[in-house]
Each structure stands twice: as C-alpha cells, then as structure tokens.
Amino acid sequence: CGPAKTGALSKGFWQNKNGQGIIKAGASTGGVANSGTWLRLYAPFQDLSATATPAQVATYVYNVIKAANAGGAAMNAMLKAQMLATALDVYFSDPALGGNKISAPAPIGGVCIDLTKIYKGSGTYENVSGAFGGATSKTVLQMLTYAASQSNGGGSIWYGQVKATQELAKDAFDAIDNQWAFSCP
C-alpha cells in the first residue's frame, strides 16, 4: 500500500520552464489552445480567454500559480492554483486529451482517490470527503467536476466562502499533484 504513483506533477512544475514548455507546445484549433478550451469547461478557469493561444494559456497558468496564497478569509487563490495543476495533470496525461506529455503510467483523470485518507503533511492524514459531497472516493475527473460546481465563473467565490471546506479541497488536489493521495481501497 501507499500513495498512488500516478505521474502527476505539482503546481511548481506547471509554473517552471518544463511545464510552461508543455503548455506552449500544446495543440490548437484555429489558433485557440485546445488546453484552454478544455480548462474553460471548469467554472474556476472561465476567466481564461475563450480565444487564448497556447502561449496565453501558459501565461494564465503561470499567473494563477504565482498568485496562489492561503491568507485572508478565503482560500480561493490557493485552491484555484492546486486545482489548475491537477487539471493540467489530467489533460496532459491522457492521449485522448492533450497527449501523455508527462509520461504518466495511465490517464490521471480515471484514477480513483480515497477521500478519507489525504496526506496533510508531517505524517498526518485527513478526511476531505466534506469538500466532495460526502463521497468517500471519486475519480480525479469527478473531483475536478465536483469542485468546479462549487465555484462561480473565475473562481472568486468557492464553497460558499467557507475557508475550512476550501482547504479540504485544496489539500486533496495538492495530494494528487504531489502523488501523496491513496487510490481507492
């Protein structure tokens, strides 16, 4: 047993030159980045231009991750950055979406995550099911869809602005991005 070795990459990767290079080299249709079109399916990322080129998507990703913080009354910026990294992991691990550009062993979106045992750090775990409708497990794609349903367009209001619930969702995506999440039992 142990954390699922999915091949997922952290938000730091998507902000650095390697992750940025993958995004910039992504396919486009009529000059519009396919990755951007896919990201915009999720409410938090609907502030990304509908006509963004791959280079503009890369800049958007860089800026969202750079703005990530958990200070204040809400955790929207940090949650948005962590969820964005997970969404990119899903997109760029799936041959049917962006191609397996991150050399994942299988498409990350289909991996089932145990939401009752998410690594919090310092050897501790938490149950994050409260951020995902009480479900004890979901696939990564289902988690993205559920979290997006709790957000307005652009991600400025999320989970009713309840910071504790936002933190649970952020921790779940962080665990996936760092390959600390456990797959379903």
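In the predicted model, C112 and C184 are joined by a disulfide, with a separation of 1.7 Å between their sulfur atoms. A search of the whole structure returns one disulfide. The torsion about the S-S bond is -75°, and the link of C112 and C184 is accordingly left-handed. Because C112 belongs to strand β3 and C184 to the segment after α7, the pair ties together parts of the chain that lie 72 residues apart in sequence. Both cysteines fall in the intermediate accessibility class: C112 is partly exposed, with a relative accessible area of 27%, and C184 is partly exposed at 22%.

Strand β3 and helix α7 also take part in the surroundings of helix α6, whose buried residues pack against α3 (34-39), α5 (76-91), β3 (112-114), β6 (137-139) and α7 (163-177). Helix α6 spans residues 140-149, and its buried positions are V140, M143, L144, A147 and A148. These residues cover an arc of only 125° around the axis, so they lie on the same side of α6. An α-helix has 3.6 residues a turn, so residues three or four places apart point the same way.

On the α5 side, the contact is formed by N76, M78, L79, Q82, M83, A85, T86 and D89, and on the α7 side by Q166, A169, K170, F173, D174, I176 and D177. Classified by residue type, this contact of α5 with α7 comprises seven nonpolar, four polar and four charged residues.

Conventions:
Residues numbered from 1 in each chain as written. Predicted model: local features only at pLDDT ≥ 70, side-chain atom pairs only at ≥ 80, totals over all residues. Heavy atoms only, no water. Buried < 20%, exposed > 50% of the residue type's maximum accessible area, 1.4 Å probe, protein only. Helix = DSSP H or I, 4+ residues; strand = E, 2+ residues; numbered from the N terminus. Arc of directions from axis to C-beta. Contact = heavy atoms within 4.5 Å. Nonpolar A, V, L, I, M, F, W, Y, C, P; charged D, E, K, R; others polar. Disulfide = S-S within 2.5 Å.
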